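The sequence and the model come first.

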Amino acid sequence: QARLVESWGGLVQPGGSLRLSCAASGITISGYYMSWYRQAPGQQREPVAGISKDGIATYADFLEGRFTISRDNAQNTVYLQMNNLKPEDTAIYYCYRVLGEYWGQGTQVTVSS
């Protein structure tokens with residue numbers, strides 16, 4: 001069964017860090033553009049970061065350089081390093097492969113003191 005599984009969300013204080021992972025099974029990430037999205041309560045899902053098959057990353061403007069997306073094709077996994085987290089980063093974070101429109105189930109990130 002093809003799926004993406006996000007992990008390592010959680011509760012963190014403002015200014016803290018988390019590293020999310022997205023493990024693919026039944027499909028490959030190699031050769032495909034991969035993205036992270038997020039959806040806050042009552043808000044629409046929005047793009048956070050994307051990474052090309054060659055490792056070129058793009059980011060939403062609101063991140064101000066705080067997040068880093070990376071990929072390990074050998075491990076079939078995409079990562080999102082999130083630093084200096086703010087309360088407004090609280091959301092469910094989703095992994096997405098455009099080709100085939102594969103979404104993960106999401107992982108909750110809560111930033112609160």
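Strand E7 (residues 67-72) pairs with strand E8 in the antiparallel sense over six bridges. Strands here are DSSP runs of at least two residues, helices are H or I runs of at least four, and both are numbered from the N terminus. Two strands count as paired if DSSP finds at least two bridges between them.

The model is predicted: local features need pLDDT of at least 70, side-chain atom pairs count only at pLDDT 80 or more, and totals for chains, interfaces and linings use all residues. Residues are numbered from 1 along each chain as its sequence is written, and side-chain values use heavy atoms, with hydrogens and water left out.

**The sheet around E8**

E7 and E8 make a hairpin with four residues between them. Asn76, in that turn, has a positive phi of about 55°. On another side of the pairing, strand E3 (residues 18-25) runs antiparallel to E8 and is joined to it by six bridges. Strand E8 itself spans residues 77-82, and five of its six residues are buried. Buried means under 20% relative accessible area, exposed means over 50%, and partly exposed lies in between, with a 1.4 Å probe and protein chains only.

Individual bridges show how E8 is held by its partners. Met82 of E8 is the bridge partner of Leu18, and Met82 is also the bridge partner of Phe67. Gln81 of E8 is the bridge partner of Thr68.

These strands belong to an open sheet of four, in the order E1-E3-E8-E7, with antiparallel pairing. Strand E1 (3-7) and E7 stand at the edges with a single partner strand each, so one side of each is left without a neighbour in the sheet. Neighbouring strands of this sheet are turned by 15° against each other on average, direction ignored; the axes are lines fitted to C-alpha atoms, for helices over the stretch in contact, and angles run from 0 to 180 degrees between N-to-C directions.

**Strand E11 and its partners**

Strand E11 covers residues 107-111, and its side chains alternate. Strand E2 (residues 10-12) runs parallel to E11 and is joined to it by three bridges; the bridge partner of Gly10 in E11 is Val109. Strand E9 (residues 91-97) is also joined to E11 by three bridges, but runs antiparallel to it. The bridge partner of Ile92 in E11 is Gln108.

**Aromatic pairs and charges over rings**

Rings of Phe, Tyr and Trp (its six-membered ring) pair if their centres lie within 6.5 Å; planes under 30 degrees apart count as stacked, over 60 as edge-to-face, and the rest as tilted. The count by this rule comes to four aromatic pairs.

Tyr37 lies in strand E4 (residues 34-39) and Tyr96 in strand E9, so their pair ties together parts that are 59 residues apart in sequence. Tyr96 is buried at 11% relative accessible area, and Tyr94 is buried at 10%. Trp103 is partly exposed, at 33%. Tyr37, Tyr94, Tyr96 and Trp103 form one aromatic cluster.

A charge sits over a ring if NZ of Lys or CZ of Arg is within 6 Å of the ring centre and within 35 degrees of the ring normal. The charged end of Arg45 sits over the ring of Trp103, 4.5 Å from its centre. Arg97 lies over the face of Tyr32, 3.9 Å from the ring centre.

**The chain as a whole**

The protein chain has zero helices and 11 strands. Of its 113 residues, 41% count as buried. Among contacts (heavy atoms within 4.5 Å) between residues at least 6 apart in sequence, 53% join residues at least 24 apart.

The C-alpha atoms fill a box of roughly 40 × 25 × 25 Å along the principal axes. The radius of gyration of the protein chain is 13 Å, which agrees with the value near 13 Å for a compact globule of 113 residues. That radius is taken over C-alpha atoms, and the globule rule is 2.2 Å times the number of residues to the power 0.38.
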